[in-house]
Protein chains: 2
Amino acid sequence: MINGDIKNSFLLLFGKNLEAYRKKKKLSYRELAQNCDLDHSYISKIEKGEVNVTLETLLELMKGLNISAKDLFDFDFDINKLNS
Amino acid sequence: MINGDIKNSFLLLFGKNLEAYRKKKKLSYRELAQNCDLDHSYISKIEKGEVNVTLETLLELMKGLNISAKDLFDFDFDINKLNS
């Protein structure tokens, strides 16, 4: 069982990376929300690491930002923590 | 709204890539299931593209296979389909 802190840190890292891509593309929450089928407040929650995002939501974010799934996971996360 | 066929093809591509990594590591469903907190039948469903996988399940798969999130998305998917 992976402990809650590690899960939370992964979700937060994902959210911060998403925020960095959104800002790089100079999009507000509402502008990104218009590009995809997600509510702007949901995007804000994802960026705060509060959402256990699904593959279908990843697709919407890929569409909204015009980036790949690998880009969405382009952040440092030590997988050895998972097996310690 | 992203159409259902595109969503299904993304989930299936994810599943096939997962299967390729599991076989590369010479793990059966049951052996992979023992390495992480997922049932072997659930892993089989994921590989068939039948599960809208979440980030927390990604973490379990990363743990079980000892690979990164980017490895789990190491497959070709044309993002232009999302905006066509």
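Gly64(A) sits in helix H4 of chain A. The model is a predicted one, and in it this glycine is buried, because its relative accessible area is 6%, under the 20% cut-off for that class.

Which residues touch Gly64(A), once its neighbours within four places in sequence are set aside? They are Leu27(A), Leu32(A), Asn35(A) and Cys36(A).

## The loop between H4 and H5

Next comes Asn66(A), which lies in the loop between H4 and H5 of chain A. Its phi is positive, about 55°, although the residue is not a glycine. Is Asn66(A) buried, partly exposed or exposed? With a relative accessible area of 39%, Asn66(A) is partly exposed, since that class lies between 20% and 50%.

Chain B has its own Asn66(B), found in the loop between H4 and H5 of that chain. There phi is near 55°, again a positive value in a residue other than glycine. Asn66(B) counts as partly exposed, at 40% relative accessibility.

## Chain A as a whole

Stepping back, chain A has 5 helices and 0 strands. Read from the N terminus, its elements follow the order α-α-α-α-α. The C-alpha trace spans about 40 × 20 × 20 Å along its principal axes. Does the radius of gyration of chain A agree or disagree with that of a compact globule? It agrees, because a compact globule of 84 residues would have a value near 12 Å and chain A has 13 Å.

Of the 84 residues in chain A, 51% are buried. Take the contacts between residues at least 6 apart in sequence: 66% of these join residues at least 24 apart. The accessible surface of chain A is about 4200 Å², and carbon and sulfur atoms account for 47% of it.

## Helix H1 of chain B

Now over to chain B, where helix H1 covers residues 4-24. This helix has 21 residues and reaches 30 Å from its first C-alpha to its last, close to the 30 Å expected at 1.5 Å a residue. At its start, a side-chain oxygen of Asn3(B) comes to within 2.8 Å of the backbone nitrogen of Asp5(B). After the helix comes Lys26(B), with a positive phi near 55°.

The buried residues of H1(B) include Ile6(B), Phe10(B), Phe14(B), Leu18(B) and Tyr21(B). In an α-helix there are 3.6 residues a turn, so residues three or four places apart point the same way. What covers the buried residues of H1(B)? The cover includes helices H4 (55-65) and H5 (69-72) of chain A, along with H2 (29-35), H3 (40-47), H4 (55-65) and H5 (69-72) of chain B.

## How the two copies relate

Finally, the pair. Chain B superposes on chain A by a rotation of 180° with 0.0 Å of shift along the axis, at an RMSD of 0.0 Å. The two copies are therefore related as by a two-fold rotation axis. Both copies use the same surface, as 100% of the contact residues of chain B recur in chain A.

Which residue of chain B comes closest to the rotation axis? Thr54(B) does, with its C-alpha at 2.1 Å.

Conventions. Residues are numbered from 1 along each chain as its sequence is written. Chains are lettered from A and ligands numbered from 1 in the order in which they are written. This is a predicted model: local features need pLDDT of at least 70, side-chain atom pairs count only at pLDDT 80 or more; totals for chains, interfaces and linings use all residues. Side-chain values use heavy atoms; hydrogens and water are left out. Helices (H or I, at least four residues) and strands (E, at least two) are DSSP runs, numbered from the N terminus. The expected span of a helix is 1.5 Å times one less than its number of residues. Buried means under 20% relative accessible area, exposed over 50%, partly exposed in between (1.4 Å probe, protein chains only). Contact means heavy atoms within 4.5 Å. A polar contact is a pair of N or O atoms within 3.5 Å; within protein, one must be able to donate a hydrogen and the other to accept it, and residues adjacent in sequence count only if both atoms are side-chain atoms. Copies are superposed by least squares on the C-alpha atoms of residues with pLDDT of at least 70 in both. The radius of gyration is taken over C-alpha atoms; the globule rule is 2.2 Å times the number of residues to the power 0.38. Accessible areas come from the Shrake-Rupley method with a 1.4 Å probe; for residues, only the protein chains shown count as cover.
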